[in-house]
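The sequence and structure are shown first, and the description follows.

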Amino acid sequence: MRDDSFHVFDTTLRDGAQREGINLRVSDKLAIAQLLDDFGVAFIEGGWPGANPKDTEFFQRASRELTLRHAQLTAFGATRRAGGKAADDPQVAALRDSGAPVVTLVAKSDDRHVERALRTTLDENLAMVADTVFYLREHGQRVFVDCEHFFDGYRHNPSYALDVVRAAAEAGADVVVLCDTNGGMLPSDVFRTVTEVREATGARLGVHAQDDTGCAVANTLAAVEAGATHVQCTANGYGERVGNANLFSVVGALALKHGRDVLPEGCLGEMTRVSHAIAEIVNLAPDTHQPYVGVSAFAHKAGLHASAIKVDPDLYQHTDPELVGNSMRMLVSDMAGRASIELKAKELGLDLSGDRTLSGRVVDRVKGLELSGYSFEAADASLELLLREEMGRPVRYFGTESWRVLTERRPRKDTSPLTSEYESLTEATVKLTVKGERVIATAEGNGPVNALDRALRSSMEGVYPELARLELTDYKVRILEGSSGTNAITRTLITFGDGAGEWTTVGVGANVVDASWVALEQAFTYGLLRQGYPQE
């Protein structure tokens, strides 16, 4: 049986879903719940059945479709209405009938909210809390009570805030959660308050922290230091306004810094995968600089760092990235030294160690290219091709004689109120040498890059049929010298995929088409290398 002495409680499906830009379908919520269970959280708050049709459906489908190994589902709801009875309250009945083994009740703990928002008396609010907790406990459900606005309420009227905690605990609530609903607390405030409440009530306490001061993770850890044994978090810190305490940062700190066994064995290593998968489901780009799980969390750029890491990775890393399912990355830039280059080459499967002249030559070339506008941090494919060239093993599948792009803007023959009266047609012509033969190909596209892409494929598809598997998946343009206006240098990053993986190349030129051609040439070259074709 799972140890109940410490709870990791996730509320991504309720509180996290309140973030601007997140709109979850029931199928999304089911998929996220399964991922959270893979990560090993103890409780997954699924939503508010009875108040929201989508959440009602979630609990109905969850009982049939989810197979949870580690977590229990939790239904969220409010205490009964003022002046009534829990047994007669339809919203309480929805919680009772949700099928969830655990219910989280939100209760007012700030006397100002009781009188101004609920418009009832302080005594009636205490009765609402006790009656609802007792009723749900009688029907076999475990109950946690979220004391909304607790820290603000405790500052204003500590005696009443403590009365709410006692009312919940004495009625049978397993955990009373102190909520920093407005997110305005600092760690010292949280530590002092949790300590005082624990000593005054003896109740088992939890914490729910919003991140409005940027302190949600720190506040959560401060509460644990003060004796809280239940932490409420959201995946990637999603939530209303600026968000909630980040589940992965909190768990990482508790497991790796405090040495607490807060997850089942083997689950901590799922952290990075689960974080990124949830980000994809909610359709938000993963935060590359997020602690523990970001792709840059263990990325090293400075040459000084790289020199030390070459001796011992722990010298510039606070923990082993593999423990959380991440990995160390070396970034090559104008800050790079020989150690950076050697480590990055090793990451790419190339060995430069022992050849100081070679690694020094690569450093000089990279720095020179970066000075002209190149950036290899996100373009490993371009860097690998450069390394192979400097090692005397250049990759060549075709040679470029010339290319040309023409764009024509002309009146549209068939127009409608929804279309422009003009249309653009782009045509690209490339002249290449492939396997010793001169090839000329022309193709049309919806823009210069698309036309060049098609022309390149057309010129080589008979020799390299695997080109059909290559697909452009991302394209980025950056103007490097804004003060030069339309005469500025342009950098492009192009990402291709072949179904088995993706790679990115970089190009720099006097205009966007020129820069795009450089990146396209390298992308096709690297793609053919991945397919295992012998070189010319």
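Phe496 counts as buried, because its relative accessibility is 0%. The structure is a predicted model. Phe524 is likewise buried, with a relative accessible area of 0%.

The rings of Phe496 and Phe524 form an aromatic pair, with 5.4 Å from centre to centre and 65° between the planes, an edge-to-face arrangement. Phe496 belongs to strand E15 (residues 490-497) and Phe524 to helix H17 (residues 512-530), so this pair ties together parts that are 28 residues apart in sequence. Ring pairs also link Phe496 and Phe524 with Trp503 and Tyr526 into a cluster.

## Aromatic pairs in the model

The count of aromatic pairs comes to 14. One of them joins Phe9 and Phe144: the ring centres are 6.2 Å apart and the planes stand at 65°, which is over the 60 degrees required, so the pair is edge-to-face.

Phe9 lies in strand E1 (residues 7-10), whereas Phe144 lies in strand E5 (residues 142-148), so the pair ties together parts that are 135 residues apart in sequence. Phe9 is buried at 0% relative accessibility, and Phe144 is buried with a relative accessible area of 0%.

## Charges over rings

Where does the charged end of Arg14 sit? It sits over the ring of Phe76, 3.8 Å from the ring centre. The charged end of Lys29 sits over the ring of Phe58, at 5.3 Å from the centre of that ring.

Notes:
Residues are numbered from 1 along each chain as its sequence is written. This is a predicted model: local features need pLDDT of at least 70, side-chain atom pairs count only at pLDDT 80 or more; totals for chains, interfaces and linings use all residues. Side-chain values use heavy atoms; hydrogens and water are left out. Rings of Phe, Tyr and Trp (its six-membered ring) pair if their centres lie within 6.5 Å; planes under 30 degrees apart count as stacked, over 60 as edge-to-face and the rest as tilted. Helices (H or I, at least four residues) and strands (E, at least two) are DSSP runs, numbered from the N terminus. Buried means under 20% relative accessible area, exposed over 50%, partly exposed in between (1.4 Å probe, protein chains only). A charge sits over a ring if NZ of Lys or CZ of Arg is within 6 Å of the ring centre and within 35 degrees of the ring normal.
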